[in-house]
Amino acid sequence: MASKTTSYGLNKHSPQDFYDVNARNENWDKIDTELKKNANAVSERVKTTELAAEVKKVVKEGSLTAADLGAEKAGAAAEVEKKVDALGAGDVGADPTGAATDAVSTHNATADAHSTLFSKKQDKIKGKKGKYLGFTATDTVGEVDAPASGGSRITLTFASDFVGQAWTLSGGGETYTGTVDSSLTATVSVLGIGTTYTLSAAIGGVTYTAEVTTKDYYTALEVTLYNSHVFGVCWDTSNSSTALTRLTRSTDRTGW
């Protein structure tokens with residue numbers, strides 16, 4: 001017994017049915033009609049290249065909006081623009097009254113503006129000479145004790161005749177004393193900045209002195225104390241200059 005297909009109603013025959021040419025032709029006509037419909041539907045669609053061209057054209061003309069692409073709700077951008085336009089200078093932390101501008105102008109026109117501000121801070125820092133400035137507590141600046149080994153280290157060197165003699169190094173309110181031993185050297189740590197220290201020692205009732213000045217920062221220095229006096233000059237015949245040059249221990253030919 002003949003039957004029909006589900007989608008297009010094509011004729012289906014059973015094995016016992018006689019061949020019917022009309023039924024076969026009817027099937028071919030239905031198939032031909034459906035294929036044509038599909039072909040027409042495809043041709044009516046815009047090709048990929050044409051679609052791309054159309055999109056570019058719309059974007060360039062400006063008729064394509066964010067809302068068309070689902071990027072925003074209709075009118076949302078316009079609402080934001082209105083709110084931005086309504087903002088005042090004060091709303092964004094600006095200086096609508098000009099107070100800050102006036103203060104800056106006054107500061108720039110004052111010659112001692114920076115020194116005045118610095119002095120105000122300096123007035124709050126108190127301490128005694130010979131002390132260090134440091135933190136007395138968390139975030140609190142104040143006077144702290146200088147370490148015993150702090151400051152500039154000065155190496156004292158003595159001529160051999162000073163062995164056994166007392167020496168004194170003084171300057172900036174500081175005084176250090178000692179006795180010259182067989183090493184002919186001593187080391188002292190001083191706290192003065194840009195301070196002149198005088199080293200002195202006596203032999204046979206005659207006091208000899210030498211000076212050394214510390215720098216603007218702590219560093220290592222040295223000073224040598226001699227007990228010699230120069231009463232003449234050493235003429236260098238190989239030097240055509242008539243200027244006199246003070247002799248030092250390293251330049252004196254006689255090795256005084």
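These are my notebook entries on a few places I looked up in this predicted model.

**Ground rules.** I number residues from 1 along each chain as its sequence is written, and my side-chain values use heavy atoms, without hydrogens or water. As the model is predicted, local features need pLDDT of at least 70 and side-chain atom pairs count only at pLDDT 80 or more, while totals for chains, interfaces and linings use all residues.

**Entry 1, salt bridges.** I searched for salt bridges, meaning a side-chain nitrogen of Lys or Arg within 4 Å of a carboxyl oxygen of Asp or Glu. The count comes to two. Side chains of opposite charge can pair when their charged atoms come close.

I took Lys30 and Glu26 to begin with; their side chains meet at 3.5 Å, N to O. They sit four residues apart in helix H1, so about one helical turn separates them. My helices (H or I, at least four residues) and strands (E, at least two) are DSSP runs, numbered from the N terminus.

I then checked cover, where buried means under 20% relative accessible area, exposed over 50%, and partly exposed in between (1.4 Å probe, protein chains only). Lys30 is partly exposed at 25%. Glu26 is partly exposed too, at 34%.

The other pair is Lys37 and Glu34, at 3.6 Å, N to O. Both lie in helix H1, three residues apart, about one turn of the helix. Lys37 has a relative accessible area of 48%, so I wrote it down as partly exposed. Glu34 gets the label partly exposed because its value is 22%.

Which residues form a nonpolar patch on the surface? I found Trp28, Ile31 and Leu35, with about 340 Å² of accessible area together. Patch members have over 30% relative accessible area and no salt bridge; like charges are joined within 9 Å, nonpolar side chains (Val, Leu, Ile, Met, Phe, Trp, Tyr) within 5 Å. Areas come from the Shrake-Rupley method with a 1.4 Å probe, and for residues only the protein chains shown count as cover. Leu35 lies in helix H1, residues 21-44. Leu35 counts as exposed because its relative accessible area is 55%.

I moved on to the largest nonpolar core, which has 20 residues. Such a core is a set of buried Ala, Val, Leu, Ile, Met, Phe, Trp, Tyr and Cys residues joined through side-chain atoms within 4.5 Å. Ile154, Leu156, Trp167 and Leu169 have the most contacts inside it. Strands E5 (152-158), E6 (166-171), E8 (185-190), E9 (196-203), E10 (206-213) and E11 each give two or more residues to this core. I listed partners of Trp167 beyond four places in sequence, among them Leu156, Tyr176, Val188 and Leu199; contact means heavy atoms within 4.5 Å.

Ser152 lies in strand E5. Is Ser152 buried or exposed? It is buried, at 0% relative accessibility. The side chain of Ser152 reaches the backbone nitrogen of Thr219 at 3.2 Å.

Asn227 lies in the segment after strand E11 (220-225). Asn227 is buried as well, at 18%. Its side chain makes a polar contact with that of Asp161 at 2.7 Å. For this I need N or O atoms within 3.5 Å; within protein, one must be able to donate a hydrogen and the other to accept it, and residues adjacent in sequence count only if both atoms are side-chain atoms.

Most residues other than glycine have a negative phi. Leu184 has a positive one, about 60 degrees. I placed Leu184 in the loop between strand E7 (174-179) and E8.
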